[in-house]
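I opened a new page for this chain. The plan is to look up a few things and write down what I find.

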Amino acid sequence: VQLQASGGGLVQAGESLRLSCAASGSIYSIDRMEWYRQAPKNQREFVGSITSGGATKYVDSVKGRFIISRDNDKNTAYLQMNSLKPEDTALYLCKSNIAKSRWSGVTDYWGQGTLVTVSS
């Protein structure tokens with residue numbers, strides 16, 4: 001199983017970006033898909049999550065600006081980031097809880113991250 005995050009880049013404050021996190025490989029089911037971010041010299045921070053049923057959670061600092069969605073047919077989660085601020089600059093990583101078969105347990109898998117830089 002692999003997770004591939006993409007969509008990062010350099011934008012100006014106030015602009016938008018959409019990140020993608022695509023899971024591939026031997027996948028039976030995906031439970032929660034999550035986004036984290038890590039800025040230089042900072043600890044990894046939870047950004048938001050979405051369950052298989054579509055329920056979402058967000059850290060307070062992105063509520064009203066970021067939207068998480070997923071396409072279960074494509075095993076892909078998205079992070080729509082609007083009204084970006086310089087403090088959103090970070091490496092954005094995705095994590096998914098994946099079962100490889102009907103009989104296996106759920107394992108957490110991490111993607112390699114995609115860099116988002118917001119200039120003021």
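**Entry 1: charges and surface**

I counted the charged side chains and found 14 positive and 10 negative ones, with the centres of the two sets 3 Å apart. I noted that the model is a predicted one. I then looked up the accessible surface, which comes to about 6,500 Å² for the chain. Carbon and sulfur atoms hold 46% of that surface.

**Entry 2: overall build**

I went through the elements and listed 11 strands and zero helices. From the N terminus on, the order is therefore β-β-β-β-β-β-β-β-β-β-β. The radius of gyration is 14 Å, close to the 14 Å that the globule rule gives for 120 residues, so the chain is as compact as a globular protein of that length. Along the principal axes, the C-alpha atoms fill a box of roughly 50 × 25 × 20 Å.

I also checked burial, and 41% of the 120 residues in the chain are buried. Among contacts with a separation of 6 or more, 53% are between residues 24 or more positions apart.

**Entry 3: the disulfide**

How many disulfides does the chain have? I found one. It joins C21 to C94, with 2.2 Å from S to S. C21 sits in strand β3 (residues 17-24) and C94 in strand β9, so the pair, 73 residues apart, links distant parts of the chain. I looked up the torsion about the S-S bond of C21 and C94, which is about 75°, so the disulfide is right-handed.

Are the two cysteines buried or exposed? C21 has a relative accessible area of 1%, so it is buried. C94 also has a relative accessible area of 1% and is buried.

**Entry 4: N97**

I stayed in strand β9, where N97 is placed. N97 has a relative accessible area of 10%, and the limit for buried is under 20%, so N97 counts as buried. Leaving aside neighbours within four places in sequence, I listed the contacts of N97 as S29, I30, D31, R32, V106, T107 and D108. I also looked up E34, which is 63 residues from N97 in sequence. In space, N97 and E34 are 8.7 Å apart, C-alpha to C-alpha.

**Entry 5: D88**

Where is D88 found? I found D88 in the loop between β8 (76-81) and β9 (90-99). D88 is in a loop, and D88 is buried, with a relative accessible area of 1%. Which residues does D88 touch, not counting those up to four places away in sequence? My list reads R37, R65, F66, S83, V116 and V118.

**Entry 6: positive phi angles**

S83, one of the residues that D88 touches, is placed in the loop between β8 and β9. S83 is not a glycine, and I noted a positive phi of about 50° for S83. Its relative accessibility is 40%, so S83 counts as partly exposed.

I also looked at K41, a residue other than glycine with a positive phi, near 70°. K41 is found in the loop between β4 (29-38) and β5 (45-50). Is K41 buried or exposed? The relative accessible area of K41 is 89%, and over 50% counts as exposed, so K41 is exposed.

Technical notes
Residues numbered from 1 in each chain as written. Predicted model: local features only at pLDDT ≥ 70, side-chain atom pairs only at ≥ 80, totals over all residues. Heavy atoms only, no water. Helix = DSSP H or I, 4+ residues; strand = E, 2+ residues; numbered from the N terminus. Rg over C-alpha atoms; globule rule 2.2 N^0.38 Å. Buried < 20%, exposed > 50% of the residue type's maximum accessible area, 1.4 Å probe, protein only. Contact = heavy atoms within 4.5 Å. Areas by Shrake-Rupley, 256 points an atom, 1.4 Å probe, with all protein chains shown as cover. Lys, Arg positive; Asp, Glu negative; His and termini not counted. Charge placed at Lys NZ, Arg CZ, Asp CG, Glu CD. Disulfide = S-S within 2.5 Å.
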